[in-house]
Amino acid sequence: MTTYANQCAIVGVGESERSRNSGTTPLHLALDAARNALRDAGLEARDLDGIMNYSTGGDSCTSHELATYLGSRPKYVKDISGGGSSTELLIADAVALIEAGELETVLIYRAMNGASGHQVGRGYDPDLLQGMLPGGSFVMPYGSASPSQWFGMFAMRHMHETGTTKEHLGHVCVSFYEHAQRNPKAFLHGKPLDMETYLATPDISTPFNIHDCCVELDEANALIVTSAGNAKNCKSRPVYIMGMAPRHTHSHAHYWTQVDEVASDHAAPALYQSAGVKPEDIDVAAIYDCFSWVVLRQLEAYGFAKRGEAGDFVKDGNLKMGGRLPSNTAGGMLSEGYTHGMNNVLELVRQLRHDYKGTDRQVKDCELGICTGWSGPDLAGAMILRN
Amino acid sequence: MTQATKYEKPVPLKTLDNHPYWDAADRHELALQKCSDCKGYIHPPGPSCPSCGSPATEWENLGSDISATVYSYITSYRPFLPGFQHDLPTVITVAALDVAPEVKIMANIIGCPAEEVEIGMPLKMTWTDITPDRALPQWTPSRSQN
């Protein structure tokens, strides 16, 4: 069993340009992100002996390609089919391999032309999906092909049971859009959102309007994990990995039988045990936000609000700067951009390094951060980081 | 075959594991897969029981008089698949079978304005003939059948 206990650290983070139409390939985007992460860490491409990435439906380049054109010659390349919890799962793999003495320094990336290429929110090829998704034949014939519809079905029942309202969802959006106004690189920088506008925006698919849905873009992100020993020699301030917990539950992500349990509910206790801390110790968060409601459900799962009280927790300003748990402080996937979870991790690392010290973007004196990944109700992966 | 009546929406794909469900649907009946060991229903059907892992499964025919209750639903105002542009908004529900509430069956709710759909609403299963040899199970409010 892997013992995290600060034995490894994230020492470099980087991203490519972020746009609606990159005019280039995921490989070019991945190279930009990887070079920026290496520069951030003060490392060379040849220092990497492991490269890993996750993708969906072949929307990325392979680790082999990235290694080739980065000029790196790693021992180990690995590509998985993954989603919203894969950043954490690949970091867990990297830590285990480093701890086993197999590898020293691993680069993990996610690259996608999420707007100009394949776009998740617009639905997929119906026959392909029926064959590819578990239970797909029971979903597609009824017009359900978008994650907004799959997660919306969960959200509608949960809202019915707990009294969570549309306005509660809106507070998640308004909080994150507010963060984006402090981040010049956020896609929705310069486009603040107020509750009146939010509530006046028509739904795409209940209970979600456009603001409840993440902003799909062309972008790549990368981060570098190494041993705590190596981390001391890097240029950046190390951010240590305290604990980690992945979890699978439901048999079907897109066709479920009940909403009372999600994988995050099971990941949470294992996560806190792994890190040896409690929810009240956490200063700053990166909460997976493909849709607004997913944030509320995870606040319940990870112990920041009781069942049915997450909406009021957010309404009270707790995810904003100065709140109990400033979250997704670059704007999150709802307003910075969607890189399948990794951009939220990058921001958490920068917060814990105090990169924004002296500005209103810095969560003052933060030491402990939580990062929650949500591939769906069926799969979760979460980690706790410290400076 | 006339182009005017061509069915544009996805036709349920019959597979190794699910074909008895769709074969029954074509006869306007509901058949559910069941675990031969733990006796639980398995829906959607699969290669083994997701509750206990048993590979021993069987099929049970529940007939054509199927009632259920709306467990959750969404109303989509945008088409995400071909054919749905003609019937917006589209209501999609997961309904709990009255005889086995742990079984939730997803379908559209037809014959009911979207704004009248609510959680807890009683439904009856109905079948729409979508091609000469295929039929699609759908839900409709049970009150409209009275």
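Student: What are the helix and strand percentages over residues 68-127 of chain B, and how many Å apart are the end C-alpha atoms?
Tutor: Keep in mind that this is a predicted model. Over residues 68-127 of chain B, the chain is 0% helix and 47% strand, with 15 Å between the end C-alpha atoms. UniProt lists that stretch, in an unreviewed entry, as "domain: ChsH2 C-terminal OB-fold".

Student: And which domains does the domain assignment give for chain B?
Tutor: Domain 1 covers 13-63 and domain 2 covers 65-146 of chain B. Their centres, taken over C-alpha atoms, are 20 Å apart. Nine residues from domain 1 of chain B and 13 from domain 2 of chain B take part in the contact. On the domain 1 side, helix H1 (19-26), strand S1 (30-35) and strand S3 (57-63) of chain B each supply at least two residues. That side of domain 1 of chain B divides into five nonpolar, three polar and one charged.

Student: Let's move to helices. What should helix H1 (residues 26-41) of chain A span?
Tutor: An α-helix has 3.6 residues a turn, so residues three or four places apart point the same way. As for the span, helix H1 of chain A has 16 residues, so at 1.5 Å a residue it should span 22 Å; its end C-alpha atoms are 22 Å apart, which agrees.

Student: Which residues of H1(A) are buried, and what covers them?
Tutor: Among them are A:Leu29, A:Ala33, A:Ala37 and A:Ala41. The cover includes strand S1 (8-15), helix H2 (63-70), strand S4 (105-113) and strand S7 (218-227) of chain A. Just after H1(A) comes A:Gly42, with a positive phi of about 75°.

Student: How many residues of H3(A) are buried?
Tutor: H3(A) is mostly covered, with 12 of its 14 residues buried. A:Gly101, which follows H3(A), has a positive phi near 85°.

Student: Where are the cis peptide bonds?
Tutor: One joins A:Thr206 and A:Pro207, with omega about 0°. Another joins B:His43 and B:Pro44, again with omega about 0°. B:Pro44 is in the loop between strand S2 (41-42) and S3 of chain B.

Definitions and conventions
Residues are numbered from 1 along each chain as its sequence is written. Chains are lettered from A and ligands numbered from 1 in the order in which they are written. This is a predicted model: local features need pLDDT of at least 70, side-chain atom pairs count only at pLDDT 80 or more; totals for chains, interfaces and linings use all residues. Domain bounds come from an automatic or database domain assignment. Two residues are in contact if their C-beta atoms, placed from the backbone, lie within 7 Å. Helices (H or I, at least four residues) and strands (E, at least two) are DSSP runs, numbered from the N terminus. Ala, Val, Leu, Ile, Met, Phe, Trp, Tyr, Cys and Pro count as nonpolar, Asp, Glu, Lys and Arg as charged, and the others, Gly among them, as polar. The expected span of a helix is 1.5 Å times one less than its number of residues. A residue is buried if 20 or more other C-beta atoms lie within 10 Å of its own, exposed if 12 or fewer, and partly exposed in between; C-beta atoms are placed from the backbone. UniProt positions are given in the numbering used here, feature names are shortened, and annotations may be inferred rather than shown by experiment.
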